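I opened the model today and kept notes as I went. The entries follow in the order in which I looked things up.

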Amino acid sequence: MIDTHAHILAGLDDGAETMEETKRMLEKAVDEQITGIIATPHAHHPQFKTDLAALHEQLAATRSWIAEQQLPIQVYSGQECRLSEKLPEQLKTGQALSLAESRYVLLELPSSGIPAYTVQIIQLLISSNYVPIIAHAERNQGIIQKPERLERLLRHGALAQVTAGSVAGSFGKAIQKTAMNLIDANLIHVYGSDVHHLTKRPFLFNEGLDYLEKKKRHEVVDIFLENNERIVRNEHLYVLEPQDIPKPKWWNIFE
Ligand SMILES: [Fe+2]
């Protein structure tokens, strides 16, 4: 199983602070039967100025520790790229990194909503042969209020990722409900932990998958895990036709 969103590299952003933490997170990932992690420190985020030289250094140090320990896991390069019109150029020149050196780019929107220029940036990325994947779509206020907004971004060629913890319920009932509605409408294609820390922001990778299995979304689990693998292989993802998003029923308002 591949995790497509993880802040495991040390000292770069709000994820792991030390190499020791990175090591414990990798051991936990192996326990969770994760065989590959795409490390996605923030890129060009207003609060975190990730230094690319430091990123490559941490990646090399992490990979050599894994080899030394003979851990059955691989770490791939990547970043969680903040929405910016400079992004296509930054990706081309290596100032921002796509997922596992593939055509897929993890795109972070501000959590407060969807800026007006989002579609334009999606189009710019697509015309530069990249495929943007909207990170944690279910935690975006604009999408929570009106899930159709995500469908519009997908029509322009974007894909979307859900966070394992959102599905597992660790961000609350409303976000869990949004996540399930988006999944049921075929608006989510990729699955990631967005792990930041072993206890404060843990993997919950299997907890999310277990919840989906419990709710009989067996096919969804298969598609997510398959698509995560396909990203690493830089292959086309499995995408189902979007369906209508369930309208809230009046008797659910008080849930
Ligand atoms: Fe993240």
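**Entry 1: asparagine 206.** I found asparagine 206 in helix α9, residues 205-214. Helices here are DSSP runs of H or I with at least four residues, strands are runs of E with at least two, and both are numbered from the N terminus. This is a predicted model, in which local features need pLDDT of at least 70 and side-chain atom pairs count only at pLDDT 80 or more, while totals for chains, interfaces and linings use all residues. Residues are numbered from 1 along each chain as its sequence is written, and side-chain values use heavy atoms, with hydrogens and water left out.

The cut-offs are under 20% for buried, over 50% for exposed, and partly exposed in between, with a 1.4 Å probe and protein chains only.

I then listed what asparagine 206 touches: Met1 and Glu32, not counting residues up to four places away in sequence. Contact means heavy atoms within 4.5 Å. I also checked asparagine 206 against glycine 165: they are 41 residues apart in sequence, and their C-alpha atoms are 9.5 Å apart in space.

**Entry 2: histidine 236.** I located histidine 236 in the segment after α10 (218-232). Histidine 236 counts as exposed because its relative accessibility is 61%. Leaving aside neighbours within four places in sequence, I found histidine 236 in contact with Arg103, Tyr104 and Arg230. From histidine 236 to glutamate 108 I noted 128 residues in sequence and 21 Å in space, C-alpha to C-alpha.

**Entry 3: positive phi.** Which value does phi take in glutamine 33? Phi is near 65° there, a positive value in a residue other than glycine. Glutamine 33 sits in the loop between α1 (19-31) and β2 (36-39). With 56% relative accessibility, glutamine 33 counts as exposed.

Glutamate 101 is not a glycine either, and I noted a positive phi of about 60° for it. The loop holding glutamate 101 runs between α3 (87-92) and β6 (104-108). Glutamate 101 has a relative accessibility of 68%, so it counts as exposed.

**Entry 4: nonpolar cores.** A nonpolar core is a set of buried Ala, Val, Leu, Ile, Met, Phe, Trp, Tyr and Cys residues joined through side-chain atoms within 4.5 Å. Which members of the largest core touch the most other members? I wrote down Ile8, Ile37, Ile134, Leu150 and Ile188, out of 62 residues. Leucine 150 touches Ile134, Ala137, Ile143, Ala160, Leu182, Leu187 and Ile188, with residues up to four places away in sequence not counted. Another core, of 14 residues, lies apart from it, and its members include Ile38, Tyr76, Leu99 and Leu237. In soluble globular proteins, nonpolar side chains tend to be buried together.

**Entry 5: the whole protein.** I noted 10 helices and nine strands. The radius of gyration is 17 Å, close to the 18 Å that the globule rule gives for 255 residues, so the protein is as compact as a globular protein of that length. That radius is taken over C-alpha atoms, and the rule is 2.2 Å times the number of residues to the power 0.38. The C-alpha trace spans about 55 × 40 × 30 Å along its principal axes. Of the 255 residues, 54% count as buried. For contacts between residues at least 6 apart in sequence, I noted that 76% join residues at least 24 apart.
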